[in-house]
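Let's take a walk through this model, stopping at a couple of residues and a couple of helix pairs. Have the viewer open and follow along.

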Amino acid sequence: MPRITPKRRSRLLIAVATAMVAMPALALTLALTVTTYDHTSPRAARAKASGSVAGNIDCRKAKCVALSFDGGPSPTTPRLLDILKRDGLHATFFVQGKGHITKYPDILRRISDEGHEIGNHTWNHRRLTDLDEDNARRELARTQDAIEKITGTRPDLMRPPEGRTNGKVAKICRDLGLAQVLWSVTAKDYETTDSTLITQRVLDQTHRDGIILLHDLHKGTVPAVPGIIKALQERGYTIVTVSQLLAPAKPRPGMVYRP
């Protein structure tokens, strides 16, 4: 057995002390990165559900992808609705309160009347994780009330601005009956007006059971939609709403759904 010299003993003591100092920091890092809310994927949610699917689209069998739009309604939304109606498709619209629902109630009513799914995207588009509980709750509850007043129905889906969520947001959503919906495809259409680039970004990222995020209020987005639809259908995708993607599972309040 090798002899432990005073110099080597000193080095060992320093190493042990360093490790003991580092351990609390590591524990804190791990604690901060632990997910504090329930989450699942659309595929996993379907796998745990039983029963039949309403309508003629069953994403357990079909190669589905959900199409969703954030931030409206806006003046460009009617053109988008015309495109979807022409192609016999439905999408999920996560609508915003201030400057959108308040300004274009007739467009929101049309979204509902034409059978599209409506979700909550808060009142002011503020990061819910940055707000205290009362203000975060107000962001969602006020939007719920406005949507119900115009369409007669309260949403059961929401999308947190920037996808930022945590345990506090999950609790509020459980209380309000809202499931949280994230995404797997983003064209970052807020940073470009190039419809060809938007189309290519969507196609490059899309996979079965994915959720596409677009913004119908940006200039290059709606002109890109016909090409996106055509290319996805040529690749064998069935375009659905978020709830159709989950079926026969039902959206669970507070749960985060992310592909």
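I229 is buried, at a relative accessible area of 2%; buried here means under 20%, exposed over 50% and partly exposed in between, with a 1.4 Å probe and protein chains only. The residue sits in helix α9, residues 221-234, where helices are DSSP runs of H or I with at least four residues, strands are E runs of at least two, and both are numbered from the N terminus. Setting aside neighbours within four places in sequence, I229 is in contact with I83, L84, D87, L89 and I239, contact being heavy atoms within 4.5 Å. Take L84: 145 residues separate it from I229 in sequence, yet the C-alpha to C-alpha distance is 9.2 Å.

Before going further, some ground rules: this is a predicted model, in which local features need pLDDT of at least 70 and side-chain atom pairs count only at pLDDT 80 or more, while totals for chains, interfaces and linings use all residues. Residues are numbered from 1 along each chain as its sequence is written, and side-chain values use heavy atoms, with hydrogens and water left out.

Stay with α9 and look at its partner, helix α8 (residues 195-205): the two axes come within 8 Å and cross at roughly 40°. Axes are lines fitted to C-alpha atoms, for helices over the stretch in contact, and angles run from 0 to 180 degrees between N-to-C directions. That makes α8 oblique to α9, since under 35 degrees counts as roughly parallel, over 145 as roughly antiparallel, 65 to 115 as roughly perpendicular and the rest as oblique. On the α8 side you'll find S195, I198, T199, V202 and L203, meeting T221, P223, A224, G227, I228, A231 and L232 of α9. By class, that contact has eight nonpolar, four polar and no charged residues. Ala, Val, Leu, Ile, Met, Phe, Trp, Tyr, Cys and Pro count as nonpolar, Asp, Glu, Lys and Arg as charged, and the others, Gly among them, as polar.

Last stop: Q180, in strand β6 (residues 179-181). Q180 is buried, with a relative accessible area of 0%. Beyond four places in sequence, Q180 touches residues including C173, M158 and Y257.
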